[in-house]
Amino acid sequence: MQTATAEPLAAHVAHVNRRRAAREEIQADTLMTDREGRLSGVRLLNLSEDGFMAITDMDQCEREPIRIDMPVVGWVRADIVWVLGERIGAAFREPLTPMQMGAVVRDVSR
């Protein structure tokens, strides 16, 4: 597993501060697959139209392509942007629409 060093982590924090898309704090358990099709459980922690943060016990590497089963939306392609211990941040290859984002947040808030 790759871990973040101080310089990439500082760059990531600066990037986070510049994000345009609003993040919604959520808690939802779902599934993710890696590039080799291995299935893993993940817990979504926050979500935006552009990506998400989650916790997983599967070893991940930055820039690794994944698929995640988003509640209501279904399987979505994304790329790991950063890894810090068990936490990952990923960017969707195609952003969620505002309607999809709202549907996910409503579904996991029940």
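Visitor: Is Glu36 buried or exposed?

Guide: The general idea is a cut-off on relative accessible area: buried is under 20%, exposed is over 50%, and partly exposed lies in between, using a 1.4 Å probe and protein chains only. Glu36 has a relative accessible area of 60%, so Glu36 is exposed. Keep in mind that this is a predicted model, where local features need pLDDT of at least 70 and side-chain atom pairs count only at pLDDT 80 or more, while totals for chains, interfaces and linings use all residues. Residues are numbered from 1 along each chain as its sequence is written, and side-chain values use heavy atoms, with hydrogens and water left out.

Visitor: Which residue forms a salt bridge with Glu36?

Guide: A salt bridge here is a side-chain nitrogen of Lys or Arg within 4 Å of a carboxyl oxygen of Asp or Glu. Glu36 makes one with Arg38, with the closest N and O atoms 3.6 Å apart. Arg38 also bridges to Asp34, at 2.6 Å, and Asp34, Glu36 and Arg38 are linked in a network. Arg38 is partly exposed at 46%, whereas Asp34 is buried at 5%.

Visitor: How many salt bridges are there by this rule?

Guide: The count comes to 4. One of them joins Asp29 and Arg43, whose closest N and O atoms are 2.7 Å apart. That pair links distant parts of the chain, with Asp29 in strand E1 and Arg43 in strand E2, 14 residues apart. (Strands, E, of at least two residues and helices, H or I, of at least four are DSSP runs numbered from the N terminus.)

Visitor: What is the nearest side chain of opposite charge to Glu64?

Guide: For charge, Lys and Arg count as positive and Asp and Glu as negative; His and the chain ends are not counted. The answer for Glu64 is Arg35, 4.2 Å away, and Glu64 is buried yet has no salt bridge. Glu64 sits in the loop between E3 (51-56) and E4 (65-70). Leaving out residues up to four places away in sequence, the contacts of Glu64 (heavy atoms within 4.5 Å) include Asp34, Asp59 and Ile80.

Visitor: How many bridges join E4 to E5?

Guide: Two strands pair if DSSP finds at least two bridges between them. E4 and E5 run antiparallel and are joined by 6, with Ala78 as the partner of Ile66. Their hairpin has 3 residues between the strands, and Val72 there takes a positive phi near 70°. E5 also pairs with E6 in the antiparallel sense, over 6 bridges.

Visitor: How many aromatic pairs does a search of the whole structure find?

Guide: Rings of Phe, Tyr and Trp (its six-membered ring) pair if their centres lie within 6.5 Å; planes under 30 degrees apart are stacked, over 60 edge-to-face, and the rest tilted. The search finds 1. The centres of Phe52 and Phe92 are 5.6 Å apart with planes at 40°, so the pair is tilted. Phe52 lies in E3 and Phe92 in E6, so the pair ties together parts 40 residues apart in sequence. Phe52 is buried at 1%, and Phe92 is buried at 7%.
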